[in-house]
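Please read it alongside the sequence and the coordinates.

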Amino acid sequence: MNKSIVLGLLMAMLVPTAAFADGHVSLGGDVRLRYEYSDAAALDAGLTARTYINLGAKIDDNTSFMSQVRHGYAFSSGGGTTDNYDIQQAYLSIADMGAMANFLGGWSMDIGRMNNPNLGSGRIVNSADWNSDAAGPNNHDGFKLSTELGGVDFDLYRWGGNDNSDDSAMIFNFGLGDMAGFADIGFYYATSSAAAATEDPSWMAFNINNIGGDALMGVDLDVEYATSDADAGGEDGTLTSVSVGYALDQFNLSFSNSVTDLDWTSINGDPHGTHGIADLFGGADLDNTTIGVSTDALMDGMGVTLNYITISRDSDGADLGTELDLILDFACGQLGYASFSADDAGLTDTDYIYWQSSYDF
């Protein structure tokens with residue numbers, strides 16, 4: 001987007017806020033710098049920067065406005081830059097719509113441009129916050145309605161063109177919390193459509209987290225099950241994921257396994273790090289087993305995470321390779337290293353490293 005257009009849009013956002021005599025206006029943002037190196041030609045590498053400028057305005061006790069301008073840089077080896085400006089978010093929030101009509105009491109609404117929700121593991125829909133280039137985090141134009149129905153949190157998302165000529169989606173999200181007495185349970189159903197497509201794919205997902213609660217003596221057990229229907233005949237795709245965590249003194253041990261079959265599809269791609277931080281894999285026909293350990297006890301001010309990941313194809317069981325990830329967390333940022341060893345003849349061994357640092361202002 002042209003710089004002058006973005007500046008004009010930002011100024012246009014500032015104009016109405018100046019008229020809020022009894023309101024409150026906040027201005028802030030953050031800068032994220034990241035350097036990446038990979039010896040795999042297919043992976044992007046180099047230095048990138050992402051800057052957010054956030055503007056918030058409280059119109060009254062029931063209404064507020066938020067806007068976010070994003071500027072992403074990709075520095076080239078020749079010293080130049082590839083940059084991208086965009087309005088990442090700009091939406092109005094109404095805390096209680098009962099002020100508009102009594103029968104809407106207890107409902108809240110966000111309307112405008114918003115980041116995609118991160119539901120469950122994010123394997124169906126996510127914001128992909130790792131991105132910093134022209135693509136940016138996944139967002140949409142639409143609205144979100146929320147309420148609490150007898151102890152069940154309910155969100156309705158709807159996005160797409162106003163005349164339905166654009167790609168669109170609708171998501172029904174239910175959060176049962178711990179009302180079941182043994183776990184935190186969530187369920188959501190999503191549908192999508194596109195102007196040029198004859199099919200209307202749909203997804204259904206269950207997330208059951210912290211099964212057993214405190215009764216399992218430090219064990220955290222999570223399960224996710226999802227299906228995808230391409231609406232084109234054939235079998236539904238499935239995703240199954242089980243993860244177990246255990247706190248042992250100052251160490252956190254973890255084990256997880258996730259499987260997607262050959263027919264699996266999603267709205268957005270897998271979030272960063274789903275199959276290792278090198279991001280060599282994603283999507284359908286994957287069997288991922290991850291064993292990990294993390295601690296912040298080895299050195300003051302530093303956290304350490306070590307993951308060992310095996311990847312194979314679900315359809316025939318063929319081994320694709322293994323990845324070893326080492327992630328160091330500091331107060332000023334994060335350093336990550338991944339080493340992938342290929343077992344499949346069509347893949348190559350890969351080393352990947354990154355340094356990322358973020359600053360708020």
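R34 lies over the face of W130, at 3.8 Å from the ring centre; a charge counts as over a ring if NZ of Lys or CZ of Arg is within 6 Å of the ring centre and within 35 degrees of the ring normal. This is a predicted model, in which local features need pLDDT of at least 70 and side-chain atom pairs count only at pLDDT 80 or more, while totals for chains, interfaces and linings use all residues. Residues are numbered from 1 along each chain as its sequence is written, and side-chain values use heavy atoms, with hydrogens and water left out.

**Overall figures**

- The secondary structure comprises 1 helix and 18 strands, taken as DSSP runs numbered from the N terminus (helices H or I, at least four residues; strands E, at least two).
- Of the 361 residues, 38% count as buried; buried means under 20% relative accessible area, exposed over 50%, and partly exposed in between (1.4 Å probe, protein chains only).
- The protein exposes about 18600 Å², and carbon and sulfur atoms supply 56% of that area, computed by the Shrake-Rupley method with a 1.4 Å probe, where for residues only the protein chains shown count as cover.
- Among contacts with a separation of 6 or more, 48% are between residues 24 or more positions apart; a contact means heavy atoms within 4.5 Å.

**Nonpolar cores**

- The largest nonpolar core has 14 residues, and those with the most contacts inside it are I124, V125, W159, I171, Y188, A226 and W264. Such a core is a set of buried Ala, Val, Leu, Ile, Met, Phe, Trp, Tyr and Cys residues joined through side-chain atoms within 4.5 Å.
- Strands β7 (152-159), β8 (168-177), β9 (184-193) and β10 (202-209) each supply at least two residues of this core.
- Another core, of 7 residues, lies apart from this one and includes A278, I327, A338 and Y352.
- Leaving aside neighbours within four places in sequence, V125 is in contact with N116, P117, N118, L119, W159, I171, I267 and N268.

**Aromatic pairs**

- There are 9 aromatic pairs, counted where rings of Phe, Tyr and Trp (its six-membered ring) have centres within 6.5 Å; planes under 30 degrees apart are stacked, over 60 edge-to-face, and the rest tilted.
- The rings of W107 and F154 are edge-to-face, because their centres are 6.1 Å apart and their planes stand at 85°.
- This pair links distant parts of the chain, with W107 in the loop between β4 (81-94) and β5 (108-115) and F154 in strand β7, 47 residues apart.
- W107 is partly exposed at 23% relative accessibility, whereas F154 is buried at 9%.
- Ring pairs join W107, F154, F174, F187 and F206 into a cluster.

**Salt bridges**

- The whole structure holds 8 salt bridges, each a side-chain nitrogen of Lys or Arg within 4 Å of a carboxyl oxygen of Asp or Glu.
- D129 and R50 form a salt bridge with an N to O distance of 3.4 Å. D129 lies in the loop between β5 and β6 (139-149) and R50 in strand β2 (residues 46-60), so the bridge ties together parts 79 residues apart in sequence.
- R50 is buried at 3% relative accessibility, and D129 is partly exposed at 41%.
- R313 meets D316 in a salt bridge (3.4 Å, N to O), and D344 also forms one with R313, with the closest N and O atoms 3.5 Å apart.
- R313 is partly exposed at 26% relative accessible area, D344 is partly exposed at 22%, and D316 is exposed at 51%.
- D86, R113 and D141 are linked in a network of salt bridges.

**V242 and its surroundings**

- V242 sits in strand β12 (residues 237-248) and is partly exposed, at 32% relative accessibility.
- V242 and N257 are 15 residues apart in sequence, and their C-alpha atoms are 5.5 Å apart in space.
- Not counting residues up to four places away in sequence, V242 touches L221, D222, V223, F255, S256 and N257.
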